[in-house]
Amino acid sequence: MTTLQLGEIAIDRVVEMEKAPFVLPEFFHEATPEAVAPYRAWLEPDAIDPVTGAMLLTVQSYLVRTRHHTILIDTCVGCRKSYDGIPAWQDRRDETWLRNLAAAGVAPEAIDYVFCTHLHLDHAGWNTRLIDGRWVPTFPNAKYIFARDEVAAAAELGHLDFQENVQPVLDAKQAVLVDTDYALDDQVWLEPTLGHTAGHVAVHLKSGASHGVVTGDLIHSPLQLVQPDWSPHFDYDIVQSRATRRRFLDAHCETDTRIMTIHFPLPSIGHVVRDRDVYGFSYV
Ligand SMILES: [Zn+2]
């Protein structure tokens, strides 16, 4: 049942959406039909829809059980959110994600820590639930670990997202604002991976010789393994996110590090490998 065992750390995926479609050139401006054509045979049908040509993304969390802590990394879109940038994410009533968390054997009360790689809706939505007209933390006993720079940048944007997904956690005094290289202990720590947002982090997990890292949105699609310079046009800094992605892929290429992506097709976890002058992915 456990997705992945890293030494004494047990890891499960908690999936909210599979194969959510995005129009490719609206995501990466460089991704015209002609530019993507050489990769379609490789990426279809799981990462690109063979009929529509849309890029298909998973939306999921990682549930991490160390010897000491039960940890959730990223919290998907959630329900009843106001965000109107993507129609399928607005005012959802589908609580599949909560049921999937329960199926993994964990009640919201049992979560000790919530980590958000960044504060976009699809990574912070289940931070809160709307109860009797008030947004309240979904995980009443958890500390929420947020990068201080990410909170400051998101607050400055002033979007409703912040009011719904972050402010209630701050008000409940459940947030812990940390540096982008914060370490919870010797098994769980952050790495600054800036560019997609101003305070974006990856989350490292290590037990004995086993090492994994949750990427957040420093990479969205396996398409970026063969086109690592393609950054989503909505990144905070597309030049910085490009450099971050290249540095990250080089650092882990041909190593034993398990790369745990949020948005790749299931099973979403694998090793980065060298493929001529770019990269490939070997799913595990
Ligand atoms: Zn995302």
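In sequence, the residues that donate to the zinc ion follow the spacing D-H-x93-D-x45-H. In this predicted model, local features require a pLDDT of at least 70 and side-chain atom pairs count only at pLDDT 80 or more, whereas totals for chains, interfaces and linings use all residues. Residues are numbered from 1 along each chain as its sequence is written, and side-chain values use heavy atoms, with hydrogens and water left out.

The protein donors are Asp122 (OD), His123 (NE2), Asp217 (OD) and His263 (NE2), at 2.1 to 2.2 Å from the zinc ion. Donors are N, O and S atoms within 2.8 Å of the metal (3.2 Å for Na, K and Ca); water is not among the atoms, so sites may look incomplete. The angles among the four donor atoms run from 88 to 158 degrees, and the site is irregular. Under the criteria applied, four donors count as tetrahedral if all angles lie between 85 and 135 degrees; four count as square planar and six as octahedral if opposite donors are over 155 degrees apart and all others between 65 and 115, and anything else is irregular. His123 belongs to helix α5 and Asp217 to the loop between β12 (210-214) and α9, so this pair ties together parts that are 94 residues apart in sequence. His123 and Asp217 are both buried (under 20% relative accessible area, with exposed over 50% and partly exposed in between; 1.4 Å probe, protein chains only).

The protein chain contains ten helices and 15 strands, defined as DSSP runs numbered from the N terminus (helices H or I, at least four residues; strands E, at least two). Of its 284 residues, 56% count as buried. The C-alpha trace spans about 50 × 45 × 35 Å along its principal axes. Contacts (heavy atoms within 4.5 Å) with a separation of 6 or more come to 65% from residues 24 or more positions apart.

The largest nonpolar core comprises 48 residues, and Trp97, Phe139 and Leu223 have the most contacts inside it. Such a core is a set of buried Ala, Val, Leu, Ile, Met, Phe, Trp, Tyr and Cys residues joined through side-chain atoms within 4.5 Å. Elements giving two or more residues to this core include β2 (9-22), β3 (55-65), α4 (96-103) and α6 (148-157). Beyond its neighbours within four places in sequence, Leu223 contacts Leu24, Phe28, Val36, Tyr39, Leu43 and Trp230. Apart from this core lies another, of 23 residues, with Ile145, Val201, Val214 and Ile262 among them.

Tyr144, in strand β8, is buried at 0% relative accessibility. The C-alpha atoms of Tyr144 and Phe115 are 6.0 Å apart, although 29 residues separate the two along the chain. With residues up to four places away in sequence left out, Tyr144 touches Phe139, Val169 and Gln174, among others.

Leu4, in strand β1 (residues 4-6), is likewise buried, with a relative accessible area of 8%. Arg258, in strand β13 (residues 258-260), is partly exposed at 21% relative accessibility. Leu4 and Arg258 touch each other; further partners of Leu4 include Ile11, Met260 and Ile269. Arg258 also touches Ile269, as well as Gly212, with which its C-alpha to C-alpha distance is 4.3 Å across 46 residues of sequence.
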